[in-house]
Amino acid sequence: METKAPISGDTMAKEKESSNAHVHLTVELDAGALFVLKSRGSWWHCGYHLTTSIVAPSLLSLPFAFRLLGWVGGIICLLFGGFVTFYAYHLLSLVLEHHAMRGSRLLRFRDMATNILGPKWAIFYVGPIQFGVCYGSVVAGILIGGQNLKYIYVLCNPEGRMQLYEFIIIFGALMLILAQIPSFHSMRHINLISLTLSLAYSACVTAASLKLGYSKNAPPRDYSVEGSPVSQLFNAFNGISVIATTYACGMLPEIQATLVAPVKGKMFKGLCLCYAVIAATFLSVGISGYWTFGKEAMGTVLSNFMSNNLLPSWLLIITNAFCLLQVSAVAGTYLQPTNEVFEKKFADPNKNQFSMRNIVPRIIARSLSVVIATIIGAMLPFFGDLMALIGALGFIPLDFIMPMVFYNATFKPSKRGYLYWLNTLIVVVSSVLAFIGGVASIRQIVLDAKEYRLFANV
């Protein structure tokens with residue numbers, strides 16, 4: 001059964017939404033909704049959460065995506081991804097607002113699937129996919145944080161012998177603390193700092209790329225797309241998966257659930273704030289990084305910087321430190337949907353949130369979750385290849401397909417109008433991209449498998 005906050009009668013619901021009254025949460029809500037998804041935030045807070053979930057260090061892979069797609073393909077896909085995701089997230093927020101106006105707020109992605117498409121969609125499709133992509137993002141965040149720590153260590157101590165998995169474990173210990181933050185709303189100040197940090201390291205990366213590009217010893221620029229026609233095709237879809245993952249959120253309903261009622265119009269403002277930051281960071285990093293390194297762009301532009309001795313160490317240390325701090329907020333944000341699942345399973349909604357009955361299972365479940373994610377990140381430092389697969393089969397369905405399906409099923413736009421067919425076209429194209437992107441990602445994993453080694457020091 002979906003989790004929602006019911007109000008008796010549409011008239012009363014509309015009155016509550018048009019006033020400053022809260023939508024009352026009742027005993028129908030489980031512990032996950034009551035404790036983790038508290039509805040206390042403003043649209044500013046919503047914008048902070050959205051920005052942290054999207055504008056993450058994964059954007060440093062955009063020059064690599066350009067390498068796979070070329071100048072024209074890279075810029076078109078980057079702009080198209082921005083348009084489609086903004087449109088999709090706005091449609092998703094309209095569906096959530098519609099249900100709030102009718103007297104019940106749907107608080108989670110799987111609640112939307114249950115209410116709109118039926119419980120089987122939530123149990124066997126939306127729920128598992130969302131849990132997988134969010135937990136996969138936590139693993140990737142811990143891995144990236146460990147890599148940032150290692151980069152700083154190497155810059156300060158070039159002869160050091162510490163291995164990557166040791167830094168991943170250190171970062172995992174930090175995440176053990178952040179995992180205990182009680183609710184999504186409690187992340188608002190951390191995510192404001194995260195927003196600032198994302199702007200800071202994007203500016204550092206752009207400045208470093210331009211400094212290298214204009215230096216006398218600039219890397220040779222070659223923007224040709226490598227490989228046979230078949231390889232170029234697969235690489236292009238792999239690049240599209242990377243861009244889709246970069247724009248991914250995967251938990252917009254949970255973010256909107258943190259808004260205090262009335263919710264109407266607030267998510268749109270939060271989206272505008274988020275996409276203003278996206279425009280400032282994605283374009284600058286993607287274009288400047290590819291302009292400097294061309295087909296030599298690595299999986300993350302930081303790897304290019306670290307292999308180049310022309311940049312001052314202080315700039316690289318500051319950039320990695322900004323990334324390290326921000327990715328901790330990103331991982332903490334993506335822990336919220338999994339924390340909500342654990343809270344729903346193990347906590348008692350009839351007890352106080354901070355009673356011993358709820359604190360003990362909360363600490364155990366969240367700590368085990370982080371420990372397992374840390375072990376996976378340390379064992380599989382090539383998890384980036386897996387994230388391309390997760391992006392194709394997870395984020396594309398959640399962020400490109402399901403919003404259109406939910407909107408058409410809820411509002412039933414006329415088949416004679418452009419809106420229905422626009423949404424349907426996006427669903428069809430995104431489904432094809434998800435399938436081919438998944439195949440391309442699997443192909444890349446197979447090609448790279450010979451280089452895989454557990455606990456590798458990459």
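Student: Which residues touch the most other members of the largest nonpolar core?

Tutor: Of its 113 residues, that's L50, L60, F282, F305 and F406. A nonpolar core here is a set of buried Ala, Val, Leu, Ile, Met, Phe, Trp, Tyr and Cys residues joined through side-chain atoms within 4.5 Å, and buried means under 20% relative accessible area with a 1.4 Å probe, protein chains only. Helix α4 (residues 62-101) gives the largest share of this core, 14 residues; helices are DSSP runs of H or I, at least four residues, numbered from the N terminus.

Student: And the ground rules?

Tutor: It's a predicted model, so to speak with care: local features need pLDDT of at least 70, side-chain atom pairs count only at pLDDT 80 or more, and totals for chains, interfaces and linings use all residues. Residues are numbered from 1 along each chain as its sequence is written, and side-chain values use heavy atoms, with hydrogens and water left out.

Student: What is F406 in contact with, neighbours within four places aside?

Tutor: L92, V95, F109, M112, A113, I116 and L117, where contact means heavy atoms within 4.5 Å.

Student: Switching to rings: how many aromatic pairs?

Tutor: The count is 19, pairing Phe, Tyr and Trp (six-membered ring) if centres lie within 6.5 Å; planes under 30 degrees apart are stacked, over 60 edge-to-face, the rest tilted. Y247 and F282 form a tilted one, 5.0 Å centre to centre with 55° between the planes. Y247 is in α9 (residues 229-247) and F282 in α11 (residues 266-293), so the pair ties together parts 35 residues apart in sequence.

Student: Are those two buried or exposed?

Tutor: Both Y247 and F282 are buried.

Definitions and conventions
Helix = DSSP H or I, 4+ residues; strand = E, 2+ residues; numbered from the N terminus. Buried < 20%, exposed > 50% of the residue type's maximum accessible area, 1.4 Å probe, protein only.
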